[in-house]
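Keep the sequence and the 3D view open while reading.

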Amino acid sequence: MLRTGENKNIEVFLKDHEFLAPKRYRYSYIKNITNSFRVKLGKGGYGDVYKGKLLDGRHVAVKILKKSKSNGEDFINEDASISRTSHVNILSLLGFCIDGRHRALIYEFMPNGSLEKFIFQEKTGRRLEWKKLYRIAIGIARGLEYLHCGCNTRILHFDIKPHNILPDDEFFPRYPIPAWRDRVMDTKMVGGRKSVNVDVDRTSEVYFPDWIYGRVELDEELGLEGVRDEDEQEKARKMIIVSLWCIQTDPSTRPSMSRVVEMLEGSTESLIIPPRPFLSSSSSSPSRAAKLG
Ligand SMILES: Nc1ncnc2c1ncn2[C@@H]1O[C@H](COP(=O)(O)OP(=O)(O)OP(=O)(O)O)[C@@H](O)[C@H]1O
């Protein structure tokens, strides 16, 4: 039982939402299933993630949230919306912990870890094939479309990035949603460190969207590494055009996620090239230029 008076609201909330909530666990249980936090899987902005094993033998990832000063209502509100979500691209939340000041979330374990390490492997120089990147982009977009308009509560993720996309063996992406904060990651995936040959002398001052926009606009060879055939070339082109739409500075010009899915799944010919991204390297201001890789 939680002790303080302020936590009564939480208890009442949890009781009201019992029927849809994932299981609630004590901190001692969390400690137990992670073997006292022995195997760290990664680190996120909100806390560290550890490997665990439930008593029924299932492997899980346990996210220990940093110590909270709030009474936990934000957390349980998030938790209740997450528990109502069900989509192939959204990672299932199996349980949670609110015990004193301890907060933790228990997810299905994804053995391949995050997308980040696949995008470009520094050691081997290998990069992810375009067809897999495409599969990942569509999966992410479908998951977000679901969160934005397919589930009971509209949820904005705000934190999509290679670090928290967890591909399965077939490279279908899953991602967790304990998030408050939708940035677009397509350009990052397409730009994927060292995946492009930028034939300019001062690469540090090239703003990637601006550079790639020039190529797309002139219907030039995209200069992307690892493109093996026409099909991959088309997928890459499609992802680039869609991502250029998504980073439009005027929000009203940006497509909805349903439109993003439609554009990714449709033909390249039907795609209209968006206006040039506002930030431009032609002004060559170092503070406005993003480094490549
Ligand atoms: N379910 C999981 N299975 C396997 N590894 C995971 C799982 N969830 C997270 N990880 C590992 O932990 C790392 C951090 O994940 P986390 O979700 O905390 O990232 P984040 O989105 O940056 O965090 P935050 O939402 O706190 O900003 C991931 O990059 C991944 O390596």
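## Overall picture

What percentage of the 293 residues in the protein chain do buried residues make up? The figure is 49%. This is a predicted model. The protein chain has 9 helices and 8 strands.

## The ligand site

The ligand is surrounded by 20 residues. Tyr46, Lys63, Glu108, His163 and Asn164 are the closest. By class, the shell divides into 8 nonpolar, 6 polar and 6 charged residues. Domain 1 (4-108) and domain 2 (116-288) each give at least three residues to the shell.

A polar backbone atom of Tyr46 is 2.6 Å from a ligand oxygen atom. At Glu108, a backbone N or O atom lies 2.8 Å from a nitrogen atom of the ligand. Met110 places a polar backbone atom 2.9 Å from a ligand nitrogen. On its own, the ligand has 620 Å² of accessible area, and the protein covers 94% of that. Two elements give two or more residues to the shell: strand S2 (40-44) and strand S4 (59-65). S2 supplies the largest share, 4 residues.

Tyr50 sits in strand S3 (residues 47-53). Is Tyr50 buried or exposed? Tyr50 counts as buried because its relative accessible area is 14%, under the 20% cut-off. Leaving out residues up to four places away in sequence, Tyr50 touches Thr34, Phe37, Val39, Lys40, Leu41, Val60, Ala61, Val62 and Ile64.

Phe37 is not a glycine, yet its phi is positive, about 60°. Most residues other than glycine have a negative phi.

## Ser114, between S6 and H4

Ser114 belongs to the loop between strand S6 (102-108) and helix H4 (116-119). Its relative accessibility is 17%, so Ser114 counts as buried. Which residues is Ser114 in contact with, leaving aside neighbours within four places in sequence? They are Pro162, His163, Ile165, Leu166 and Pro167. His163 is also listed with the residues closest to the ligand.

Thr85 lies in the loop between helix H3 (73-83) and strand S5 (93-99). Thr85 is buried because its relative accessible area is 13%, under the 20% limit. Beyond its neighbours within four places in sequence, Thr85 is in contact with Ile90, Tyr146, Leu147, Cys151, Ile155 and Ile177. Thr85 and Glu108 are 23 residues apart along the chain, and their C-alpha atoms are separated by 14 Å.

Phe158 is in the loop between helix H5 (130-150) and strand S7 (166-167). Phe158 has a positive phi of about 65° and is not a glycine. Its relative accessibility of 32% falls between the 20% and 50% limits, so Phe158 counts as partly exposed.

## Helix H7

How many of the 10 residues of helix H7 (residues 208-217) are buried? The count is 9, which leaves the helix mostly covered. The buried residues are Phe208, Pro209, Asp210, Trp211, Ile212, Tyr213, Gly214, Arg215 and Val216. Just after H7, Asp219 takes a positive phi of about 55°.

## Ser252, between H8 and H9

Ser252 lies in the loop between helix H8 (230-246) and helix H9 (257-265). Is Ser252 buried or exposed? Ser252 counts as exposed because its relative accessibility is 65%, over the 50% cut-off.

The side chain of Ser252 makes a polar contact with the side chain of Asp250, at 2.9 Å. Ser252 and Leu271 are 19 residues apart in sequence. From C-alpha to C-alpha, Ser252 and Leu271 are 18 Å apart in space.

How values were computed. Residues are numbered from 1 along each chain as its sequence is written. This is a predicted model: local features need pLDDT of at least 70, side-chain atom pairs count only at pLDDT 80 or more; totals for chains, interfaces and linings use all residues. Side-chain values use heavy atoms; hydrogens and water are left out. A residue is near a molecule or strand if one of its heavy atoms lies within 4 Å of it. A polar contact is a pair of N or O atoms within 3.5 Å; within protein, one must be able to donate a hydrogen and the other to accept it, and residues adjacent in sequence count only if both atoms are side-chain atoms. Accessible areas come from the Shrake-Rupley method with a 1.4 Å probe; for residues, only the protein chains shown count as cover. Ala, Val, Leu, Ile, Met, Phe, Trp, Tyr, Cys and Pro count as nonpolar, Asp, Glu, Lys and Arg as charged, and the others, Gly among them, as polar. Domain bounds come from an automatic or database domain assignment. Buried means under 20% relative accessible area, exposed over 50%, partly exposed in between (1.4 Å probe, protein chains only). Contact means heavy atoms within 4.5 Å.
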